[in-house]
Amino acid sequence: MLALDMRAPGIVVRPVRQLTGEHEFAEVFLTDVRVPEACAIGAVGDGWRVAMVTLLHERGTLGVALTASLQRQVGRLLELVRAARPDDPRIRERLAREWIELRALRLANERGLEPPGETGVPGPEWSLVKLRWSEANQRVTRMALDLLGPEGVRHDAGRDATGTWLRERLRSRANTIEAGTSEVLRAIVAERVLGLPRSR
Amino acid sequence: VSEDADVRELRAGVRELLSARLVPERLARAEAPPGGWDAPLWRELASLGMVGASLPEDLGGAGLGFREEAIVLEELAAAVAPVPGLATHLALPALRAAPDLARTATSGERPWTLVRRGTVEASQRHGTWRLSGRAAAIPDLWETSGLVVVAEGVAGLGLFAVVGGGHRERAASVDATRCLGRLTLQDTAARPLVAPGGARHIVAALAASERAALAAEALGVGRRALDLAIEHVRLREQFGRPVGAFQAVAHPLVDRWADLQLARGLVRWAAETLDGGGGGAAIAGAAAAAFTVDAAASACEGAIQALGALGVTWEHPLRRLYGRALWLVAVAEPDALRDEVAGAVLAGNGAGLE
């Protein structure tokens, strides 16, 4: 595992523009880049373990972070419903469903899930929170745009869309892809939790 | 999902007893017309302290919490045990006011049920309370059931016990082990548990406790249906491999598993909120029941699909589970519960969105 000085000669970074217009990741091309020995993280030959531990730390707290972010979204959605259509039974139904799902995810985080094992691999139960969070966030942002009507899709070129529901909805489509696609997560649960035969 | 050792032990005890007793012939006997319940099994459960576990010991309970009682209800439902466990449980919080009656429930001597959907009026003449009115959708209203009746007096809501009175009509339901009764009371003598005017809090507590109980049952039904589906798709082969190896079969079952995992957290939360005795039990119960009864029905439907033609046969145990799931959805009325949750959340009383 190596740390790179991104200004080093031979590194070309080509940002990838996303649905939101933002650049959260990039293609990186390396051509004969020289890396000082001091930039090795951990022992040479031990990079796999370093990578796994790094992922463990990312995933170990991700469930809590995702749920906290969903809680913020639902809080904002609640303000929107209060202001727009608090008596619309269809909206109330959807709001209640999202609130209950959020409550259930918080409970799953607080006490439902086993702590990550010492193997460095997060427990498959973690997949549950990621899977349900991603779909909940997609529904919540969709509901917000439904409530906003034409106002919700206004977008002035050049204006920063940070924090708008439109940006959140566009961004949410990546939720079921990043950090393990929903299909991969379902496959993990099918094999490792439900004990179903491998699909490959 | 992790569980404490004492709860695991209780769960294993109920499960073991039920699997030993509920052989297919015994289940079939309980289902045969006119329908009924398995009195010896009920008394056996009672003798082991599994009826009214949340009541104090001097009332014949086990001095435990609703959390433990919910485990018993979950296991009874997973086995679709033909006993009046849910109905008796619904009446228990009110029977705390009458120790002699509570003991008839916890000893298994008399099943009880709760009458709270209807219009019943209470009046007092010559020192005796009398009830008149009609009520419907009463779970397990057998001839011998004791009734806890919510009735309106001049001073407000009251709670009464009726033993062996009233005109009772039983309607069979999709769950052959659980009827839904109609009751007509006409100047029927009743014993006051809480005099009219003083029952508002306890009536609200009865509703909250009912919701948590329906959720606990639904959890048991859904879990068992999913287990049957998983067992089947591991073994059943098509095109040279177990059908569970096909993602089109496996992934929907994963979604039902996810529902039930989340449901388990909600059920425990609703039970602990009840045990805590503070506010929020009505909304916690509403959230848990709305989510879990739907999850149970979906688990049954997913299991039926996974089993193919076998899943739609009368003989398969899924038929009983699905019947119970539909019963639970009908009685819980999840749409109404969600509207109540929405109202509480919009008003800022969302028990935990702080």
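The model is a predicted one, where local features need pLDDT of at least 70, side-chain atom pairs count only at pLDDT 80 or more, and totals for chains, interfaces and linings use all residues. Residues are numbered from 1 along each chain as its sequence is written, chains are lettered from A and ligands numbered from 1 in the order in which they are written, and side-chain values use heavy atoms, with hydrogens and water left out.

**Exercise 1. Find out whether R186(A) is buried or exposed, and what R186(A) is in contact with.**

Step 1. Helices (H or I, at least four residues) and strands (E, at least two) are DSSP runs, numbered from the N terminus.

Step 2. R186(A) has 11% relative accessibility, so it counts as buried. The cut-offs: buried is under 20% relative accessible area, exposed is over 50%, and partly exposed is in between (1.4 Å probe, protein chains only).

Step 3. Contact means heavy atoms within 4.5 Å. Setting aside neighbours within four places in sequence, R186(A) is in contact with L131(A) and E135(A), plus H251(B), V254(B) and D255(B) from chain B.

**Exercise 2. Work out how α1(B) and α4(B) pack.**

Step 1. Helix α1 (residues 5-21) and helix α4 (residues 66-78), both of chain B, pack at about 30°, with their axes 9 Å apart. Axes are lines fitted to C-alpha atoms, for helices over the stretch in contact, and angles run from 0 to 180 degrees between N-to-C directions.

Step 2. α1(B) and α4(B) are therefore roughly parallel to each other. Angles under 35 degrees count as roughly parallel, over 145 as roughly antiparallel, 65 to 115 as roughly perpendicular and the rest as oblique.

Step 3. The crossing of α1(B) and α4(B) is right-handed. A crossing gets that name if the near helix is turned clockwise from the far one by less than a right angle, and left-handed if anticlockwise.

Step 4. On the α1(B) side, the contact residues include L10(B), V14(B) and L18(B), and on the α4(B) side they include I71(B), V72(B) and L76(B). The contact residues of α1(B) and α4(B) divide into seven nonpolar, no polar and seven charged. Here Ala, Val, Leu, Ile, Met, Phe, Trp, Tyr, Cys and Pro count as nonpolar, Asp, Glu, Lys and Arg as charged, and the others, Gly among them, as polar.

**Exercise 3. Do the packing of α7(B) and α10(B), then look at α7(B) by itself.**

Step 1. Helix α7 (residues 200-235) of chain B packs against helix α10 (residues 318-332) of chain B at about 155°, with axes 10 Å apart. That makes α7(B) roughly antiparallel to α10(B).

Step 2. The crossing of α7(B) and α10(B) is left-handed. The residues of this contact divide into 12 nonpolar, no polar and four charged.

Step 3. α7(B) has 36 residues and reaches 54 Å from its first C-alpha to its last, close to the 52 Å expected at 1.5 Å a residue. The expected span is 1.5 Å times one less than the number of residues.

Step 4. In α7(B), 26 of the 36 residues are buried, so it is largely enclosed by the rest of the structure.

**Exercise 4. Which phi values do A137(B) and D187(B) have?**

Step 1. Most residues other than glycine have a negative phi.

Step 2. A137(B), in strand β3 (residues 128-139) of chain B, has a positive phi near 55°. D187(B), in strand β7 (residues 180-194) of chain B, has a positive phi near 55° too.

Step 3. A137(B) is partly exposed, with a relative accessible area of 33%, and D187(B), at 39% relative accessibility, counts as partly exposed.
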